[in-house]
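Here is a short report for a reader meeting this structure for the first time. Look it over, then read on.

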Amino acid sequence: MSNRHSRRLLAEGLTVAAANYQVAFVIPHCAECAKPCCRLDPLVLELDWKQLKALWQIEESRSVFDRRLSSGKGPEEIRAGDGLYYAHRKACPAYDAAHRVCRIYERELKPAGCTDFPVYQDRGSVVADLRCEAVDLKVLATWIARAVGQEFRIVQSADAEFPFLVTLSVRRVASTATFSNQPRMPGSA
Ligand code: SF4
Ligand code: SF4
């Protein structure tokens, strides 16, 4: 098996492991979270025009909206940059604060960042965002280690600029190791 194929399998396995960790440990905590991420404080939500238009129920064209935004008359929580939009410091309109759920959770419209937060695979590593109180690094590292198997070890490092972002890198212990099987999830045979 080529290194490229092996790396792709590893990335796929880590994507599944990260998603399963969210299902097992993060989502069950959301209903009792002290600082729900969907309030977008301190988190920033990245959106494309289609998502912004639908979630903020914008009727006008994009060019008209952009002009309004740049003149300071747009929604104060929205900033534009590099063809995208960023919402911050006001709850996402899709957030149902009474029931503490996302109204578009299962819909395609949901921004990718919402799916990834707080644990996701990135370039063959798993990144955890500690701004989510449900993330337990020790439990996550154990979860990932079990998913990839004994041929790999987990190395932890925090981002220098944003220390709440912690990367769990997967390193091969033996030079012959490959990630050829589906990840073994905790609790599975
Ligand atoms: S910060 Fe974490 S626990 Fe809180 S609502 Fe968001 S995902 Fe759920
Ligand atoms: S789209 Fe849903 S998950 Fe994303 S910030 Fe809004 S309410 Fe939260």
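## Terms and model

Ala, Val, Leu, Ile, Met, Phe, Trp, Tyr, Cys and Pro count as nonpolar. Asp, Glu, Lys and Arg count as charged, and the others, Gly among them, as polar. The model shown is predicted.

## Around ligand 1

With those classes in hand, take the shell around ligand 1. It has eight nonpolar residues, one polar and one charged. The residues that surround ligand 1 are Val26, His29, Cys30, Cys33, Lys35, Pro36, Cys37, Phe117, Cys132 and Ala134. By class, Lys is charged.

## Around ligand 2

The shell around ligand 2 reads otherwise by class: nine nonpolar residues, no polar and no charged ones. Around ligand 2 lie Cys38, Leu45, Cys92, Ala94, Tyr95, Cys102, Ile104, Pro111 and Cys114. The space that ligand 2 takes is also given as the largest pocket.

## A closer look at Cys132

Cys132 is one of the residues around ligand 1. Its place is the loop between strand 7 (125–129) and helix 5 (137–148).

Is Cys132 buried or exposed? Buried means under 20% relative accessible area. Cys132 has 12% relative accessibility, so it counts as buried.

Which residues does Cys132 touch, leaving out those up to four places away in sequence? They are Val26, Phe117 and Pro118. Gln51 is 81 residues from Cys132 along the chain, and the C-alpha atoms of the two are separated by 23 Å.

## The chain as a whole

How many helices and strands does the protein chain have? It has five helices and nine strands. Along the sequence they follow the pattern α-β-α-α-β-β-β-β-α-β-β-α-β-β.

The C-alpha atoms fill a box of roughly 60 × 35 × 30 Å, taken along the principal axes. The protein chain has 189 residues, and buried residues make up 36% of them.

Contacts tell of the fold too. Among contacts with a separation of 6 or more, 60% join residues 24 or more positions apart. The accessible surface of the protein chain comes to about 11,600 Å². Carbon and sulfur atoms account for 51% of that surface.

Methods
Residues numbered from 1 in each chain as written. Chains lettered and ligands numbered in written order. Predicted model: local features only at pLDDT ≥ 70, side-chain atom pairs only at ≥ 80, totals over all residues. Heavy atoms only, no water. Near = heavy atom within 4 Å. 1 Å grid on protein atoms, 1.4 Å probe; cavity = no way out; pocket = protein on both sides within 12 Å on 5 of 7 lines; lining within 4 Å. Sits in = over half its atoms within 2 Å of the grid points. Helix = DSSP H or I, 4+ residues; strand = E, 2+ residues; numbered from the N terminus. Buried < 20%, exposed > 50% of the residue type's maximum accessible area, 1.4 Å probe, protein only. Contact = heavy atoms within 4.5 Å. Areas by Shrake-Rupley, 256 points an atom, 1.4 Å probe, with all protein chains shown as cover.
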